[in-house]
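Open the model in your viewer and keep the selection panel handy. We will go from the whole chain to one residue.

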Amino acid sequence: MKFLRRVSYVLVAGLFLGGGVAVTAQDWRTASLEPTGTAPDPKLVREAVVQVYGARTVGMKGYFGVHTWVAVKPTDAPAWTVYEVIGWRLRYQDTALVVRSRAPDGRWFGAEPELYAEKRGAGVDELIKRVDAAAHSYPYAGEYSVWPGPNSNTFTSWIARQVPELDVDLPPTAIGKDYLRGEVISSAPSGRGYQFSLRGLLGVAASSVEGFELNLLGLNFGLGPNGLKLPLVGTLGPARSFAAAPVASEPQAP
């Protein structure tokens with residue numbers, strides 16, 4: 001594992017030097033957590049809403065990956081509830097799972113969040129119940145590893161696999177989304193299609209949501225409906241739009 005970790009760092013360093021990735025270094029103690037205005041105000045919007053976000057992580061890790069989370073607002077709810085896994089919580093409690101009321105579109109210690117998925121309206125209250133059940137059944141809440149997982153992105157992909165109607169296309173910078181333990185074949189992180197993965201270190205995935213992805217030591221390369229996928233850089237393509245549409249189900253991979 002140490003050898004693979006070193007090889008991964010070499011590959012990442014090469015991509016970093018050639019990729020022109022820009023991440024602003026900030027002191028986490030003074031970094032902004034202010035919302036960006038992407039999420040609807042629950043005081044003005046009555047319908048049920050689910051959103052999935054991600055933002056560059058704190059410090060040097062932000063050059064390599066993002067932190068992701070899931071936010072829900074049931075019909076007529078006065079506030080949002082955010083589900084996420086935060087590794088440093090394990091320093092003083094026995095679970096990294098955090099369920100709390102906060103702005104879903106809040107900056108992650110200065111980093112502006114990106115919206116990866118959104119569902120609104122009819123049928124979404126039922127999805128919210130399933131999101132809650134999936135979050136509380138997350139099997140790795142008592143452990144955390146930045147690479148190759150389990151981490152916050154493993155958590156978000158766990159929810160997406162349990163609730164594939166969300167159609168979440170996590171970016172290649174969501175390191176840990178491909179982490180599987182105890183199995184090598186599953187659905188892709190979106191819950192659609194199929195994936196072969198050796199503990200998030202080597203694998204392939206294909207689905208109608210992700211397109212095709214290759215995972216090499218946690219670094220993702222691919223091409224899908226949302227664009228070209230590259231490590232460090234993310235997804236290169238047109239801005240995503242989430243027009244209101246009926247919640248549709250699709251058979252999951254066995």
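The tour below moves from the overall fold to a sheet, a helix and a loop residue.

This is a predicted model, in which local features need pLDDT of at least 70 and side-chain atom pairs count only at pLDDT 80 or more, while totals for chains, interfaces and linings use all residues. Residues are numbered from 1 along each chain as its sequence is written, and side-chain values use heavy atoms, leaving out hydrogens and water.

Start with everything selected. The protein has three helices and 12 strands, taken as DSSP runs numbered from the N terminus (helices: H or I, at least four residues; strands: E, at least two). Of its 254 residues, 50% count as buried, meaning under 20% relative accessible area with a 1.4 Å probe, protein chains only.

Next, select the open sheet of five strands, ordered β4-β3-β2-β1-β5 with antiparallel pairing; strands pair if DSSP finds at least two bridges between them. Its edges are β4 (97-100) and β5 (114-120), each pairing on one side only. Now pick β1 (residues 49-56): six bridges join β1 to β5. Look for Val-50, opposite Lys-119 in β5.

Finally, where is Thr-173? Thr-173 sits in the loop between α3 and β6 (185-186). Thr-173 counts as buried because its relative accessibility is 3%. Show its contacts (heavy atoms within 4.5 Å): among them are Arg-56, Phe-64, Asn-153 and Leu-232.

Notes:
Lists of a residue's contacts leave out its neighbours within four places in sequence.
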